[in-house]
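This report concerns the domain layout of a protein chain, the surroundings of its ligand and a few selected residues. The sequence and structure are shown first.

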Amino acid sequence: MRYADIVLPLAQPAYTFAVPDGMDPVEGQAVAVPLGRSKIYTGIVWRLHDRRPDCKTVKPILRTLNGDPLVGARMRALWEWIADYYMCTVGEVMRAALPTLMKPSARTEEEFAAGEYRPRTEWYVALAEELHDEARLHELFERLERRHATRQYDALLEVASTEGSDRIATGEVPRRLLHADLGVLQTMRGKGWLRMVERERTTEPPAAGGRFLLPELSAAQQGALDAIRRQFAGGTGTVLLQGVTGSGKTELYIHLIAEVLARGGDVLMLVPEIALTAQLIERMERIFGSRVTPYHSRLTNQKRTETYRRLNGSPGGEFVVGVRSSLFLPLHHLELIVVDEEHDPSYKQVDPSPRYQARDCAVVLGRLCGARVVLGSATPSLESWLNARSGKYGLAELTERYGDARPPQVVVSDTLRAVKRGERKVHFNKLLLDRMEETLAQGGQVMLFQNRRGFSPYVECGACGWTARCPDCNVTLTLHKASGQLVCHYCGHTEPVPTRCPACRVADVEPRGFGTEKVEEEIARLFPEARVVRLDRDAVTSERAFQAIVGGFAAHEYDILVGTQMITKGFDFGGVRLVGILNADNLLHSPDFRAGERAYQLMMQVAGRAGRRDEAGVVVIQTAEPQHPLIGQVVRGDYEGMVREQLSERQQFFYPPYARLVSLTLRHRDVQLLRRAAAALAARLRGRFGRRLLGPMAPPVDRIRGEYLVGLLLKIEAGASFARARRILADELTAWSGGESEFRNVTVVVDVDPQ
Ligand code: ADP
Ligand code: ZN
Ligand code: ZN
């Protein structure tokens with residue numbers, strides 16, 4: 001008897017099933033298997049063997065799905081690496097890796113079959129055999145003409161001429177290339193004039209070979225490109241390309257990509273958030289045409305599955321531009337991975353498991369496939385910077401903007417001083433308002449950055465200090481004025497704004513603080529002539545809404561763009577001359593060891609939007625702490641200074657890259673039980689890890705959706721074996737919650753390398 005270990009899309013280990021006689025599955029193939037009493041799942045054959053598991057009954061595999069293996073050997077190795085490193089099951093990786101339609105599950109066979117992906121089919125049309133005789137064809141044309149059967153005449157003409165064209169190698173014309181009605185074609189088929197078959201729609205592979213029109217590089221760019229090539233040739237697997245915004249990093253990628261595509265290799269380019277990189281995709285399509293395959297969450301399930309299947313059978317020469325999950329696409333000839341904006345936090349999946357960091361996984365995938373990896377950024381993560389300095393990664397640099405473009409001039413505006421002098425209107429210092437006026441008068445565009453959405457982060461009673469809080473989470477509710485509601489940004493709970501303070505019944509509640517919505521409203525009042533538009537999660541209700549905002553601003557249908565982090569990524573708006581950062585202080589003071597690094601990266605990225613083409617732009621930073629060292633570093637563009645300062649802090653307090661972190665979050669409705677559970681786990685872990693364990697402690701938000709939260713943090717120094725630490729942790733977690741433990745129902749979220 002043969003057996004197969006099957007990975008299921010669950011937080012459970014692989015299960016063993018029997019391989020029925022006559023079935024010949026291969027490793028990596030998808031199969032349908034029964035689980036429990038009445039559930040059918042899609043699983044992936046992980047290992048075939050002949051060891052009978054010791055349990056009473058071993059259920060058989062129901063059937064194999066798809067002819068080809070879905071998950072190749074190297075991809076299976078990546079899944080296993082992720083499961084091991086991020087402390088989850090391979091099944092959880094499967095959940096993230098495969099498009100939905102490739103992993104149906106259901107109660108009955110019928111439901112399962114209904115949920116399966118069905119390739120789109122298409123009619124293929126050809127002339128009937130006898131009409132390949134010129135004389136007969138001619139005769140038919142005349143007959144149709146005599147009868148004034150124009151629609152049939154046109155259809156016949158179209159089929160005959162398309163069939164004969166050198167575009168169609170098979171002699172069969174896909175229906176979509178014809179203008180003729182399907183009904184007309186069917187009638188003609190009935191008369192025996194046409195042959196028609198319905199078959200799976202073949203997506204044309206991208207045109208082979210490839211001569212691409214590449215931008216000519218400047219001397220500095222050529223130097224950096226040569227440096228990258230040299231390091232790759234010398235055996236370096238990963239190179240960090242550090243280049244200021246506008247220096248031409250993308251142009252370098254293009255050269256590297258073209259080289260690989262021309263020899264039939266595959267390229268994967270990871271980008272932080274696809275909607276915001278629509279411009280990048282367009283730019284790539286201008287050069288690589290149909291070679292570009294976008295992959296992101298806004299594609300339909302059908303499209304994603306088609307893409308996966310097409311790539312799985314591709315002979316090579318593919319170029320995928322996608323978000324972090326495109327890491328899992330079957331590129332069998334992968335030679336190059338580009339990770340753009342490698343410092344971007346969105347490369348880390350926070351929820352659900354697997355909580356993987358796609359940039360780091362890309363480096364691992366590169367190693368598994370023998371593919372080269374380029375990490376690009378103007379402001380690399382401290383981890384990558386240190387890896388490049390220590391020689392683990394290669395390094396190439398671009399220190400100047402391309403052409404005549406000059407770096408923006410950064411001006412700091414002291415908020416407290418402005419208040420004292422009476423030079424502040426609502427949330428804007430006079431300095432910024434003056435600059436805005438000037439810019440608008442000259443026909444320039446303005447971007448305003450505020451990293452909070454909504455109208456006000458909280459509402460407060462003027463008399464007693466009551467604030468509106470979420471009933472299920474320990475956070476204040478944010479006022480959204482457009483909808484007139486208070487919204488919880490953690491669980492989505494909404495309620496109306498109370499007309500009277502519910503606590504003292506004396507006063508009205510008042511909005512405090514400000515979000516993008518409020519900025520938009522105030523700006524509209526201060527600049528009644530200007531056309532203002534807002535870009536944040538609330539404004540982007542659909543892909544169309546997004547395109548309307550971004551496209552409209554690019555076409556200068558708006559003068560001022562107000563937005564959250566969404567405005568910072570990947571845009572190249574020629575007309576932006578002024579960028580305002582409205583409140584740098586909440587960036588500086590977020591309670592997170594990465595706050596400094598993030599604040600710098602974010603401000604530099606926002607600043608990079610100013611004056612990209614022929615003239616230098618201006619950036620105004622409003623802050624109550626103009627003396628803060630980080631503000632000075634931003635003003636000077638002093639990345640190295642920022643890095644040295646942040647690294648010395650990280651070293652002193654023992655944070656990455658000098659230590660590796662594992663954060664544990666425990667959750668339960670019963671706060672007493674949760675406290676006992678956390679204390680018990682902490683005691684266990686302290687016994688094994690000593691002072692490397694911190695906590696239990698209350699996380700910044702200690703109640704979400706009615707559940708209480710407690711955190712523990714493990715810090716493993718860079719020199720120690722992290723693999724061993726994870727093993728010990730896994731064992732202790734099992735011992736703590738396993739069997740009849742009173743803590744077995746406490747949810748534990750394990751996050752390795754938390755952001
Ligand atoms: P980065 O990716 O480093 O921000 P880009 O590659 O987007 O920089 O380049 C910034 C701008 O300069 C773009 O508009 C780009 O088209 C232009 N540019 C950069 N290098 C060249 C070049 N060698 N030839 C023509 N245009 C270039
Ligand atoms: Zn009150
Ligand atoms: Zn809530």
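The domain assignment divides the protein chain into domain 1 (2-115), domain 2 (121-200), domain 3 (219-394), domain 4 (409-453 + 515-649), domain 5 (456-513) and domain 6 (659-752); such bounds come from an automatic or database domain assignment. Taken over C-alpha atoms, the centres of domain 1 and domain 4 are 49 Å apart.

The model is predicted: local features need pLDDT of at least 70 and side-chain atom pairs count only at pLDDT 80 or more, whereas totals for chains, interfaces and linings use all residues. Residues are numbered from 1 along each chain as its sequence is written, chains are lettered from A and ligands numbered from 1 in the order in which they are written, and side-chain values use heavy atoms, with hydrogens and water left out.

Ligand 1 is surrounded by 15 residues (a residue is near if one of its heavy atoms lies within 4 Å). The closest are Glu216, Gln221, Gly246, Lys249 and Thr250. By class, this shell holds three nonpolar, six polar and six charged residues; Ala, Val, Leu, Ile, Met, Phe, Trp, Tyr, Cys and Pro count as nonpolar, Asp, Glu, Lys and Arg as charged, and the others, Gly among them, as polar. Helix H8 (residues 249-262) contributes the most to the shell, with three residues; helices are DSSP runs (H or I, at least four residues), numbered from the N terminus.

| Protein atom | Distance to an oxygen atom of ligand 1 |
|---|---|
| Ser247, polar backbone atom | 3.3 Å |
| Thr250, polar side-chain atom | 2.6 Å |
| Glu251, side-chain N or O atom | 3.1 Å |

Of the 550 Å² of accessible area that ligand 1 has on its own, the protein covers 78% (Shrake-Rupley method, 1.4 Å probe; for residues, only the protein chains shown count as cover).

Arg359, in helix H11 (residues 358-369), is buried at 7% relative accessibility (buried means under 20% relative accessible area, exposed over 50%, partly exposed in between; 1.4 Å probe, protein chains only). Its side chain makes a polar contact of 3.5 Å with that of Ser381.

Leu432 belongs to helix H14 (residues 430-441) and is buried at 0%.

Technical notes
Polar contact = N/O pair within 3.5 Å; in protein donor to acceptor, adjacent residues only side chain to side chain. Helix = DSSP H or I, 4+ residues; strand = E, 2+ residues; numbered from the N terminus.
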